[in-house]
Structures are given as C-alpha cells and as structure tokens.
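Please open the structure in your viewer and keep the selection panel at hand.

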Amino acid sequence: MIVRNGSTSGAFRQSGAALVGPVREFLESLEPLMLSLFVVATVAVVVGGWWVVRWFRRPPGVRFQRLLEEYDHVAVVMHPNPDPDAMSCAMGVARIAESVGTEATLQYAGEIRHQENRAFRTVLDLDLEAIESSSQLAADAVVLVDHNTPRGFAGSQTVEPIAVIDHHPGNGAGTEFTDVRTEYGAASTILVEYLDELGASMTGDGDGLAVSAELATGLLYGIQSDTKHLTNGCSRAEFDACAALFDAVDEDLLDRVANPQVSDDVLQVKATAITEKRVEGPFAVCDVGEISNVDAIPQAADELMHLEGVTAVVVYGEYDGTIHLSGRSRDDRVHMGETLRHAISDIPMANAGGHARMGGGQVSVDHMNGIGPSDGISRDEFENRLFAAMSGER
C-alpha cells in the first residue's frame, strides 16, 4: 500500500537518517584493506547477480547452442518411422551443433516407408541411421526431437536424453534442457525460432550461422506437413516461421518433396477405406484388413475426411500381428487422441493417443483376441467401441 501522508513521510526520512549513521560509522571503522575487500565483495555480488539474471533470460536457442557446445558428439534421435517434421528438426539440431564444432548423428527406430517421407529423405540427401537398440546410439548424449520420451527400440526406457524439443503432449523431459510447446503446430517451428535467436543468415552465406537451401526447404515442409499446409493446428508462430524461411527455400526441391509418386499398395488401401467404410451419423470407421505398408493407414484416414457430412474417422489395419489405428477429426466434440485412448483402454498392451484433430494407436492382435487378463473382443465389437468413443459414450 502507498501512503501519501506528510507526517508519515517525515517518519520515513527520520528512520532513514537513523540507518545512515550506523552504516557510516561501520564503514569508517574498517581498516583500508578491509574496506577494499568489502567493496570488492559488494561489486562481485552485484555483477554475479547480473550474470545470473542474464543467464536465465537468454533465449532458448542460445541456451541450447551452449549446451551442445559442451559435447563432442550427440545422437539426435527422431521418433519411430520419422516424418518430415521430425527429420527437419534433426537437420536443424545438426546445423546448430555444427556451428559450435559438435558432431551430430541423426538416428531413428522403425522404418521410413511413407512415400512423402522417403522423398523428403532422398531429395534433401539426408544421412540418417536406423537403430534397433540403445547400444546402437551414436553417443551417450542424446537429443530427442518431435517426441519427448524415447521409444521404439530395445532399451529405450533406460535412455535419459540431455535435451528434448517437441510439440506433442507428454511428460518426457531432458536432464539439462526441455522445450515442449504443445500450442505449436510443428516442432520445426521451434528450430526456426532457435536459428533466428542465434542470428542465422537465411541467404546461405556469411561468416556466421548460415541456413542452407536444403535446411530451409526441409523446415518449411516440416511445418507444412504437420499442419496440413497451414490449415490445421497452426499458431501464429507457424506463419512467422514460414515467412522467415521464404527467401531461402528452393522451390524445385520443395516441389519434388511435396509431390512424390504413390505406390500401388497405398492406393489399394485408400480404395478399400472408401468402398468398405462403415458410417454412422457424422462418423466413419473402416477395417482395411492386412496391409503391407503401415503408412497407408493415415493416408486412408485423410481420404475419408473428404467425405461430405463426415466429421471424424478412424481407419485401422493389421501388420505383422499388430493392429494400427489412425484417426482424424474436425468435430469440436471429438478429441481424437482421447477417443482412441478410451476405445483401447481395457485391452492389455495397447496404446493410443494424440492431439484433438489427429491420433494413432497400436493393439496386439493376440491381446485383442483374448490373450492375457481380458476376454478379448471381435472386430465388430471393436468398431462399436470406436463409434461409442467418438460419440462420447465411452
């Protein structure tokens, strides 16, 4: 509370004067050497405090670069079956690491099957290493991009990453650096901001941190692919990041990545989803059967979302003993990540999740058939669960 009473102000002046006297007497009582030490200590405390404040106010990009500088070699690990957003993030981390003399190896579990993902890797000439166990990690220092919990390879649960950069919900964190922005539409956006905070040149030249055409094109497409070309799940940051990258993008590379040829098996799965779908009200579900390409399932889900009157869809299919699910929603009543979680909640060893508009999951065929503590359910019962979950009844 601010007091504006004159007498009270006088009392404050008197108490201030009372304090000044003892302080002056204390300083005058000190020997010259002690006085000098006292002054030096005071200055040290002030300067130290200033540096501490400055340290914590540094932009995330600067703090991340300083962290990378502490290591000779880092393993940049993408989520299993990486997409353009994950791969472009890894590219960005590698470029920042290179700027401070740190070697970076880009690694992933699973496979790169989706034609868009394969084109991204080939056109941008990415050097990526597949791993099956934690013993194959290129370095003890691990940086996770586009996911926040290590997964997809043997021993992943023992890995403690030094840094995590992501935009997905989750509780994972780095031991030294964590930057998870769930309000962002793509993790690539975060890397663009880091480069901007580090004063990177988008012309690809200069003595400082330069952004190549390949990196700029990769980051731009990483943002576009995770936001359906800036139409789904965007924040203001995505548009700002794309604007910052615009001058450095190679249009020919971008066109080759964005328009790859589609394999016959993907078209077959899409056709099955369109012809065999089950529709109830505004929701659609389809079992596309056994498949040879898991990445065809989300593409089929995207196709079904074009159906007039349909606001949420789930497509699922079987590959190598596992049922893979992919869901899409433009219905404000249907949070797809939660919908899939509810649908598989009592099936042992099943997992699912995602965002409001997009989700995915995996269910063991054996566990769905009754192995383990559950009694098992049929495919028809499973589809009824999906419809009930989308309707908010489960």
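The stops below cover the sheet, the cores, the aromatic pairs and some single residues.

**Before starting**

The model is predicted, so that local features need pLDDT of at least 70 and side-chain atom pairs count only at pLDDT 80 or more, while totals for chains, interfaces and linings use all residues. Residues are numbered from 1 along each chain as its sequence is written, and side-chain values use heavy atoms, with hydrogens and water left out.

**Stop 1: the six-stranded sheet**

Display the strands as a cartoon; helices (H or I, at least four residues) and strands (E, at least two) are DSSP runs, numbered from the N terminus. Six strands make up an open sheet with parallel pairing, in the order β3-β2-β1-β4-β5-β6. Two strands count as paired if DSSP finds at least two bridges between them. Select 128-130 and 177-180 to see the edge strands, β3 and β6, each of which pairs on one side only. On average, neighbouring strands of this sheet are turned by 25° against each other, direction ignored. Axes here are lines fitted to C-alpha atoms, for helices over the stretch in contact, and angles run from 0 to 180 degrees between N-to-C directions.

**Stop 2: strand β1 and its partners**

Select residues 73-77, which form β1. Four of the five residues of β1 are buried, where buried means under 20% relative accessible area, exposed over 50%, and partly exposed in between (1.4 Å probe, protein chains only). The chain passes from β1 through α4 to β2 in a right-handed β-α-β crossover. Right-handed means that, with the strands pointing away from the viewer, the path from the first strand over the helix to the second runs clockwise.

Opposite Leu144 in β4 stands Val77.

**Stop 3: the nonpolar cores**

A nonpolar core is a set of buried Ala, Val, Leu, Ile, Met, Phe, Trp, Tyr and Cys residues joined through side-chain atoms within 4.5 Å. Select Phe64, Met78, Val93, Val143 and Leu245: these have the most contacts inside the largest nonpolar core, which has 58 residues. Helix α4 (residues 84-99) contributes the most to this core, with eight residues.

Which residues does Phe64 touch, leaving aside those up to four places away in sequence? They are Val93, Ile96, Val143, Ala163, Ile165, Phe177 and Tyr194; contact means heavy atoms within 4.5 Å.

**Stop 4**

Select residues 187-197, helix α6, which lies across β5 (163-166) and β6 and runs at about 115° to β5. Then show the side chains of Phe64, Phe177 and Tyr194, which ring pairs link into a cluster. Rings of Phe, Tyr and Trp (its six-membered ring) pair if their centres lie within 6.5 Å; planes under 30 degrees apart count as stacked, over 60 as edge-to-face and the rest as tilted. The structure holds five aromatic pairs. In one of them, the rings of Phe177 and Tyr194 have centres 6.3 Å apart and planes at 75°, so this pair is edge-to-face. Phe177 belongs to strand β6 and Tyr194 to helix α6, 17 residues apart. Phe177 counts as buried at 5% relative accessibility, and Tyr194 is buried at 0%.

**Stop 5: a second aromatic pair**

Move to Tyr316 and Phe382, whose ring centres are 5.4 Å apart with planes at 85°, so the pair is edge-to-face. Tyr316 is in strand β9 (residues 312-319) and Phe382 in helix α14 (residues 379-390), 66 residues apart. Both residues, Tyr316 and Phe382, are buried.

Remain on helix α14 and select Asp380. Is Asp380 buried or exposed? At 54% relative accessibility, Asp380 counts as exposed. Its C-alpha atom is separated by 9.7 Å from that of Asp287, 93 residues away along the chain.

**Stop 6: two positive phi angles**

Most residues other than glycine have a negative phi. Select Asp146, in the loop between β4 and β5, where phi is positive, at about 65°. Asp146 counts as buried, at 1% relative accessibility. Finally, select Leu230, in the loop between α7 (213-226) and α8 (236-245). The phi of Leu230 is also positive, near 65°, and Leu230 counts as partly exposed at 23% relative accessibility.
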